[in-house]
Amino acid sequence: MIRVTFKLNSDHLITAFQMAGHADAGPYGQDIVCAAASALSISTINGLIQVAKTKPNVDSDDDNGGFLNVTDISLAHDAQVIMQTFFNGMNDIAESYPQNIEIKMFEN
C-alpha cells in the first residue's frame, strides 16, 4: 500500500508530504495505481520548481523506490495551488483504489 501523509500548518496550507510503500495493484511495470501516484508526485515537484519557482527539499530512495519526502514547501499562492491539485489528485486515486493508497493529513 502507498501511504501519503500531508503536513499542514495552522492555516491549513500544505508544508510537506511523504509517500512510502508500493501499490501492489499489478505486476511491476503494469501497476496503474503506482504509475498514477508517481506521475502526480513527479509533476507536482516539477511544478513547484519550474512553475512556482520554489525550492522544496526533496528526498527520495532512487535505488529501491517507494519513498519520497518533500519538505520546505512554499506557502506562496502558486505553490499552494499546485499542492492542492496534487492533494485532490491523490484523493481521487485513493477513492478509486482504497486498498492500494491511504491518505492522511495532520497539522504540524
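These legends go with close-up views of a predicted model.

**View 1. Five strands make up an open sheet.**
Reading across, the strand order is β3-β4-β2-β1-β5, and the pairing is mixed. β3 (57-60) and β5 (101-107) sit at the edges with a single partner strand each, so one side of each has no neighbour in the sheet. On average, neighbouring strands here are turned by 15 degrees against each other, direction ignored.

**View 2. Strands β1 and β2 run antiparallel.**
Here we look at β1 (residues 2-8) next to β2 (residues 14-20), with six bridges joining them. To find your bearings, look for Arg3, which stands opposite Ala20 in β2.

**View 3. Helix α1 lies across the sheet strands β1, β2, β3, β4 and β5.**
The helix covers residues 32-51 and runs at about 25 degrees to β4 (67-71). Thr44 has its place in this helix. Is Thr44 buried or exposed? With a relative accessible area of 5%, Thr44 counts as buried, because the cut-off for that is under 20%. A polar atom of the Thr44 side chain lies 2.7 Å from the backbone oxygen of Leu40. Leaving aside residues up to four places away in sequence, Thr44 touches Ile82, Met83 and Phe86.

**View 4. Helix α2 has a buried set of residues that packs against β1, β2, α1 and β5.**
Among the buried residues of α2 are Ala79, Gln80, Gly89, Met90, Ile93 and Ala94. Ile82, Met83 and Phe86, the residues touched by Thr44, are also on the buried list for α2. As for length, the 20 residues of α2 (residues 77-96) should span 28 Å at 1.5 Å a residue, and the end C-alpha atoms are 29 Å apart, which agrees.

**View 5. Four phenylalanines, Phe6, Phe17, Phe86 and Phe87, form one aromatic cluster.**
The structure as a whole holds four aromatic pairs. One of them is the tilted pair of Phe6 and Phe17, 6.1 Å centre to centre with 35 degrees between the planes. Phe6 belongs to strand β1 and Phe17 to strand β2, so this pair ties together parts eleven residues apart in sequence. Phe17 also forms a tilted pair with Phe86, at 4.7 Å centre to centre and 45 degrees between the planes. That pair links strand β2 to helix α2, so it ties together parts that are 69 residues apart in sequence. How buried are the two partners? Phe17 has a relative accessible area of 1%, and Phe86 likewise comes in at 1%. Phe6 is buried too.

Definitions and conventions: Residues numbered from 1 in each chain as written. Predicted model: local features only at pLDDT ≥ 70, side-chain atom pairs only at ≥ 80, totals over all residues. Heavy atoms only, no water. Pairing = 2+ DSSP bridges. Helix = DSSP H or I, 4+ residues; strand = E, 2+ residues; numbered from the N terminus. Axes fitted to C-alpha atoms, helices over the stretch in contact; angles between N-to-C directions. Contact = heavy atoms within 4.5 Å. Buried < 20%, exposed > 50% of the residue type's maximum accessible area, 1.4 Å probe, protein only. Polar contact = N/O pair within 3.5 Å; in protein donor to acceptor, adjacent residues only side chain to side chain. Expected span 1.5 Å × (residues − 1). Phe/Tyr/Trp six-rings, centres within 6.5 Å; stacked < 30°, edge-to-face > 60°.
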